[in-house]
There are 2 protein chains.
Amino acid sequence: MQSFNDLREQFSQHLENYSFPEKPAALYGACRHILSIGGKRIRPVLCLMSADAFAQVNDDVLNSALALELFHNFSLVHDDIMDEADIRRGQPTVHKKYSEPTAILSGDVLNIYTYELLNELSSDRKKEIISVFNQTAIEVCEGQQMDMDFESIVDVKTADYLKMIELKTSVLLAASLKIGAILGNGKQEDLDAIYNFGRYVGLAFQVKDDYLDAYGDESKTGKKVGGDILANKKTIFYCYCTDQDNEELVNKLLEQYNGKADNKVEATKEIYDKLGARDYVYKLKEDYSNKAFAELDKMSLPKESLQPLKELATQLLSREY
Amino acid sequence: MQSFNDLREQFSQHLENYSFPEKPAALYGACRHILSIGGKRIRPVLCLMSADAFAQVNDDVLNSALALELFHNFSLVHDDIMDEADIRRGQPTVHKKYSEPTAILSGDVLNIYTYELLNELSSDRKKEIISVFNQTAIEVCEGQQMDMDFESIVDVKTADYLKMIELKTSVLLAASLKIGAILGNGKQEDLDAIYNFGRYVGLAFQVKDDYLDAYGDESKTGKKVGGDILANKKTIFYCYCTDQDNEELVNKLLEQYNGKADNKVEATKEIYDKLGARDYVYKLKEDYSNKAFAELDKMSLPKESLQPLKELATQLLSREY
C-alpha cells in the first residue's frame, strides 16, 4: 500500500506533465492559474488510494484522477464568480485576476478537457466510470443551486441542508473513490461501500466544519470563533434550531441573525445550547463518522489494503483545526 | 431522402420527449427556458440530414443531435452573460429571467447532460464521435475568447477575424454534419468533405451576415443598414480596412469608428469602398460558398443523397435577409 503522501507526489508529477495550449493566452492562463493555486488534491489522491487498495495505479487511474481535479477546479472557478469571492488560498480568484467572462469560459473549457481525458481511458468499464462521473457532476451543480436558493429561505430544513452539503461536496469525494475502485475492478458491493465511505466522510467533515466554527478552540483552529454566525451563514446549527418547535427561542435566534449585537456570537450560541443544537451537531458528526468506518469494515478487501484510507479519514475527522 | 422540414419535425419530437428533473426548480427551469426559446435547430437537423444521406436516422443519431443542441444552448446561455445581452429571440435571456449565478450553473449542467447523452450512444464509433465533439467544444470556447479579446485590439487582422468566426460558429455546424456521417458509417474522405462543407457554409454565412449589414437591402433584411457600424463592431470590413497600407484612410476609418458623426454609416461605407473592402468581402463570400459546394462534389455518395444539403446551403447562402 502506498501512503497518501506518496500518491499525492505521483499525482502532482502527472499534473505537471499535463499542459494546455498557449492560445488564447487569457483562456488558458486562467486554467493554469486556478490549477496552480493548488490545494491538497484530495479528490485525485482518493482516486489513486482507492485504485491502489483494489489493484494498482496505472495510466487510466492517473488520467481519471486528473479529470476529477480539472472538474473540481472548474467548479471552483464558477463558484467563486457566483459567491463573488475575490481571494482563494491567498491568491486572486480567476474572475479577479482575468475577468468574469474569461472565468466563465475557462471553467467551461476545463470541464470539456475533463471529458476529453475520460474519453481517452482504455478501461473496458469506461462507460460506467463516465456515468458515475456525470451523475456526480450533475449533483454538484444541484447542490450549488440549493446552496444559493437557501440564501432567500428563512427556515431551511435540516434535511435539506444535509442534502445540500452531500451534493455540493460529499458526492465528489465518494465518486473519486468509486472510480478508483472501478478501475481496480472492484465488485459491486465494494463499490457501494467505498462510495458510501466517501460520502459519510464528506458529511462528517462538513458538519465538523460547522461545529468547529462555533465551538472550536481558537488556539487550534487559528480562526476567531463564530465566523459563520457573524457572516449570517445558514449552518447546520441554524437549520436545526429553526426546525424546533419553540417559537420564542427561534424568534430570538432570527433576531440575532438579522441584527448586529455586540455579543451576537455568544447570544446565538446560548440559543444553540438551549435548543440542543450543540449536542445534536456533535452527535451527528460522530454518527456520520461511525457510519464511514462501518462501510470500510463491510468491504471484502484485506484490512491492510484499506489502512491508508482509514488513517486518512481518522486524521480528517479528528482534526481540531 | 427526407427534407429539412421533415427532419426538423422528427428532431422536435425527440426534444419534446426529453425532460429535466423538477428540482432544483430554478436550475432546471433555466434549462427549459433556453431550450423553449427555440431557434431553427439547425445543428441537430444538420446531424440528422447527414446521417440520412449516409444511412438512416436512428436513436444514436437523434441523441447525438440532442447533445449538439444542448451544447449549443449551453453556449448561448454563457455567451449572453458575457455579452450582457438582455434579450434573445424576443425573450429575456436566462440571466435576466433568473439570475447570473443560476445562468452560469444551468449552462454548466446542460453541458454535463450533453455528455451523458453521448455516453449512452451504442455506436462502436462512440469514442471517435466524442473526440470530434470535444475538439469542437474546445474550439467554440477559444473562438468566444478571441471574440472578447478583439474588443481591446485596434487592428484585428483579417486572418484572425476569420479564424475567430470559424471557431465560434462554423466548426459546430461542421461537427454536426460529421457526427451524422460517422453514425452513418461514412469513410474518412467523406467525413472530411462533409466537415469542410459545413465549415465553408458557416464561414460564407457569417461573412454574408457582415455584408448584408452594410450593403443589404433594407426592404429585404428588415433591418436598418449599418447596425454593425453604429455599434462599433469589428466586422470583416473593419479588419480588412485596418490591414491596408493606407495610413490616411485607415486613420479616417478609426476616427469614424470612435466618433458619433451624423453620417457615420455613409462615411464609413465610403472608406470601405475606397479601400476595396466591399469587393473583397463580396468575393470572399462567393469563394467560401464555391468551396462549400466543391466539397459536396468530392463526396462518394450519390448526388440525390446530398440534394437536401445542397438545397439548404443554397437557400442559406442566397438569402438576402
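This is a predicted model: local features need pLDDT of at least 70, side-chain atom pairs count only at pLDDT 80 or more; totals for chains, interfaces and linings use all residues.
Copies are superposed by least squares on the C-alpha atoms of residues with pLDDT of at least 70 in both. With that set, I laid chain A on chain B: a rotation of 180° with 0.0 Å of shift along its axis does it, at RMSD 0.0 Å. The two copies are thus related as by a two-fold rotation axis.

Residues are numbered from 1 along each chain as its sequence is written, while chains are lettered from A and ligands numbered from 1 in the order in which they are written.

I went to the interface next, with two residues in contact if their C-beta atoms, placed from the backbone, lie within 7 Å. I got 30 residues from chain A and 30 residues from chain B. On the chain A side, the elements giving two or more residues are α2 (25–36), α4 (59–82), α6 (100–119) and α7 (126–150). Helices here are DSSP runs (H or I, at least four residues), strands are E runs of at least two, and both are numbered from the N terminus. α7(A) gives the most, with 13 residues.

What is the class make-up of that side of chain A? I found 17 nonpolar, eight polar and five charged residues (Ala, Val, Leu, Ile, Met, Phe, Trp, Tyr, Cys and Pro count as nonpolar, Asp, Glu, Lys and Arg as charged, and the others, Gly among them, as polar). 100% of the interface residues of chain A are interface residues in chain B too, so the copies meet through the same surface.

**Chain A by itself**

I looked up the fold: chain A has 16 helices and two strands. Its C-alpha atoms fill a box of roughly 60 × 50 × 35 Å along the principal axes. Of the contacts in chain A between residues at least 6 apart in sequence, 74% join residues at least 24 apart.

Buried residues make up 50% of the 321 in chain A; buried is 20 or more other C-beta atoms within 10 Å of a residue's own, exposed is 12 or fewer, and partly exposed is in between, with C-beta atoms placed from the backbone.

Then α6(A): 18 of its 20 residues are buried, so the helix is largely enclosed by the rest of the structure.

**One lysine in chain B**

I picked Lys310(B), which sits in helix α16 (residues 303–318) of chain B. Lys310(B) has 16 C-beta neighbours inside 10 Å, so I put it down as partly exposed. Lys310(B) and Tyr238(B) are 72 residues apart in sequence and 31 Å apart in space, C-alpha to C-alpha.
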